[in-house]
Amino acid sequence: MLQYYRERKKALNIMDFDDLLLLCRDVLRDHPDVRERYSERFLHVLVDEYQDTNKIQAEMVDLLASRHRNLMVVGDDSQSIYSFRGANFENILQFPEKYPECRLFKLETNYRSTPEILHLANLCIVQNERQFRKELRSIRDGGIKPVVVPLRNVYQQAEFVAQRILELSNEGVPLNEIAVLYRAHYHSMELQMELTRRRIPFEIRSGIRFFEQAHVKDVVSYLRIIENPRDELAWRRVLGLYPKIGKVTIDKIWNLLAKQADPLQTLMEDSFLKQIPKGAITGVGKCRETFREIRSLPKPLSPTEVVESVMKHGYADYIRSKYTDWSSREDDLVQLAVYASKFADLEAMLSELALMTNTEEQGESEITDMPRDRIILTSIHQAKGLEWSVVFMIWCCEGMIPLARALKEPGGEEEERRLFYVAVTRAKDQLYLCYPLYDPNRSMGYLPLSPSRFIRELTTVSPRHQEKPFDQWLIDEAYQ
């Protein structure tokens with residue numbers, strides 16, 4: 001397949017982005033006359049954000065600077081967080097070895113954050129062994145200490161953040177000066193629901209709203225059909241997930257189902273297969289198997305069990321074959337199953353989702369002509385380079401940041417610590433590090449969670465730092 005792709009590009013005389021890098025590098029490397037021309041032409045080569053360059057880009061820079069060797073790179077090794085995009089941390093770390101005559105200038109004055117926030121950041125990043133040692137210094141006067149906020153569970157975490165946002169707004173802090181950061185997009189689900197419920201406007205920069213994501217809509221559509229077998233939109237969405245069932249075939253199938261008193265029961269009858277196009281029989285058969293498994297679950301149906309059954313009987317295989325980011329989508333659906341455990345039955349869950357959707361639509365219509373004054377919800381990766389007066393970090397517990405699967409990668413812990421460092425240095429005035437004490441798990445009850453190792457390290461970094469770099473709030477009934 002890869003060879004065919006290359007041949008097609010060559011036949012069409014086109015290149016993709018990777019080609020632009022690779023072939024440019026190859027021309028400079030393999031054609032001395034071209035390399036001499038450009039390395040002579042550019043007396044000075046300056047590179048910004050060098051910590052985010054990949055191996056090919058670094059080689060291109062070296063080739064362009066090969067004649068005069070007047071090369072200046074600017075970057076912060078403590079903010080190298082894009083290895084998943086191909087960025088090579090070694091580029092900036094090994095630069096002095098590659099250019100032994102270079103001079104190193106450390107820019108340690110920080111104009112953004114209070115001394116208290118920078119103190120916490122310095123204590124955090126000092127744990128990384130592979131780095132250029134620096135200590136940020138603030139030009140600002142002292143402020144308030146960052147706050148670590150342990151909360152009973154993820155729902156109380158959402159309630160606390162929403163309530164504190166309202167308090168800050170009443171104190172005069174503009175909503176667009178408040179951000180909530182998290183390691184993975186699905187970490188924001190409960191908070192999205194709470195902010196929507198309280199009519200607090202927000203903007204998501206890590207993706208789209210949780211329940212507007214295609215894979216979440218797909219799974220919820222199964223629940224809608226179980227609850228209301230005559231839900232045409234849900235049927236059309238579910239049928240479209242199966243092979244060789246396109247729009248025309250969906251029209252034919254729905255026209256048959258719509259005439260029946262119980263479309264779902266009709267789907268289960270063998271006689272129904274004789275009425276549909278032959279090409280769709282296999283797909284409809286798989287659809288029937290999924291619904292048969294759901295209907296075999298103990299009554300009354302548990303929303304969590306239905307979500308898990310859909311995943312187990314076909315949908316997990318579907319997203320793995322369709323999406324390159326299937327693992328993060330699976331994480332979303334695991335979180336959907338956890339959220340579903342709040343509800344006694346499907347009707348209660350679907351009613352809540354419908355209410356949230358209507359509230360979102362009404363809220364949007366009311367603020368259409370108003371300034372974009374709203375809370376920012378974003379992943380830490382998306383937040384790099386930005387700043388806010390107040391920053392909340394949620395899910396600051398072990399397994400979430402650092403993310404468990406990231407620790408399996410070489411150098412994973414140090415990159416996760418750099419990610420934590422990036423997050424805390426987004427805050428100018430106030431920083432809240434929030435984490436739930438328990439995680440609801442249907443099969444195992446409430447699982448205890450521990451604070452992130454990055455929080456625990458803050459009090460054990462060095463004997464000379466006796467005072468905690470943060471205050472701790474134990475939330476009382478006011479936020480329950």
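Since the model is predicted, local features need pLDDT of at least 70 and side-chain atom pairs count only at pLDDT 80 or more, while totals for chains, interfaces and linings use all residues. Residues are numbered from 1 along each chain as its sequence is written, and side-chain values use heavy atoms, with hydrogens and water left out.

Salt bridges come up first. Searching the whole structure turns up 43 of them, a salt bridge being a side-chain nitrogen of Lys or Arg within 4 Å of a carboxyl oxygen of Asp or Glu. One of these pairs Lys 9 with Asp 16, whose closest N and O atoms sit 3.3 Å apart. Lys 9 has a relative accessible area of 10% and is therefore buried, whereas Asp 16, at 21%, is partly exposed (buried is under 20% relative accessible area, exposed over 50%, and partly exposed in between, with a 1.4 Å probe and protein chains only).

A further pair falls within helix α20, which covers residues 412-424; helices are DSSP runs (H or I, at least four residues), numbered from the N terminus. Here Glu 415 and Arg 418 are three residues apart, about one turn of the helix, and their side chains meet in a salt bridge at 3.6 Å, N to O. Glu 415 counts as buried because its relative accessibility is 13%, and Arg 418 is buried as well, at 4%. Elsewhere, salt bridges with shared partners tie Arg 25, Asp 26, Arg 29, Asp 30, Lys 55 and Glu 59 into one network.

Arg 29 and Asp 26 are three residues apart in helix α2, so about one helical turn separates them. Arg 29 is partly exposed, with 42% relative accessible area.

Helix α2 (residues 17-30) also holds Phe 17, which counts as exposed because its relative accessibility is 57%.

Lastly, the axes of helices α10 (residues 214-227) and α11 (residues 232-239) come within 9 Å and cross at roughly 125°.

Terms used. Helices (H or I, at least four residues) and strands (E, at least two) are DSSP runs, numbered from the N terminus. Axes are lines fitted to C-alpha atoms, for helices over the stretch in contact, and angles run from 0 to 180 degrees between N-to-C directions.
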